[in-house]
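Please look over the model below.

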Amino acid sequence: MGKVYVFDHPLIQHKLTYIRDKRTGTKEFRELVDEVATLMAFEITRDLPLDDVEVETPVTTAKAKVLSGKKLGIVPILRAGIGMVDGILKLMPAAKVGHIGLYRDPETLQPIEYYVKLPADVEERDFILVDPMLATGGSAIAAINSLKSRGAKNIKFMCLIAAPEGVEVIKQLHPDVDIYIAALDEKLDDHGYIVPGLGDAGDRLFGTK
């Protein structure tokens, strides 16, 4: 069964407060999301494998550690997921970036895939799927299905704020996917918005309505 990690780091919680605040403007909102993504990436990479090496210091030879070279991929769910990519790349500049575009059918309310572009070596990479919000879980499930159908075997899902309903859906349908969130909120309202949430992440990132 996939694990759920809720980050309680003081810096993450502090910055998340300003991300929630409706008075926070687009520029500051974008910068804060970028910063929290970097802090979350620090935690999500905690289990990356290491190799032993020797390095010459100015004093002597030392035994040290380097990343083993495991291939990583970052996949934002368009469009809001884009706001988290640069923050992760600051720590993992060698990671490849894919994209999955989804929109919600106005009649069925189901997510429809309209764009997918992934690294060629999907089967060899560990993927971090990113989206600021996990509400009903519909988009996350569709994106995970998309990755798996193209050969991805190891996927982690990372978001800023999640509703319990969305977390449960991923756990039920994709129990092999670990979930990393900065805050687990109270619930979804009747319109499918996370409460208390932060509003529409895409609109607040890009200044649209």
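What follows covers the pocket, its lining and the record.

This is a predicted model: local features need pLDDT of at least 70, side-chain atom pairs count only at pLDDT 80 or more, and totals for chains, interfaces and linings use all residues. Residues are numbered from 1 along each chain as its sequence is written, and side-chain values use heavy atoms, without hydrogens and water.

The largest pocket holds about 850 Å³ of space. A pocket is an open set of points on a 1 Å grid over the protein atoms alone, where a 1.4 Å probe fits, with protein on both sides within 12 Å along at least five of seven lines; lining residues have an atom within 4 Å of a point. Volume is the space filled by probe spheres set on the points.

The lining has 29 residues; R104, D131, A135, S139 and D200 lie nearest the pocket centre.

Helices (H or I, at least four residues) and strands (E, at least two) are DSSP runs, numbered from the N terminus.

An unreviewed UniProt entry lists a "binding site" that includes R79, R104, P132 and G138. From that set, the pocket lining takes in R79, R104 and G138, among others. Such annotations may be inferred rather than shown by experiment.

R104 sits in strand β6. Beyond its neighbours within four places in sequence, R104 contacts L109, Q110, P111 and T136 (heavy atoms within 4.5 Å).
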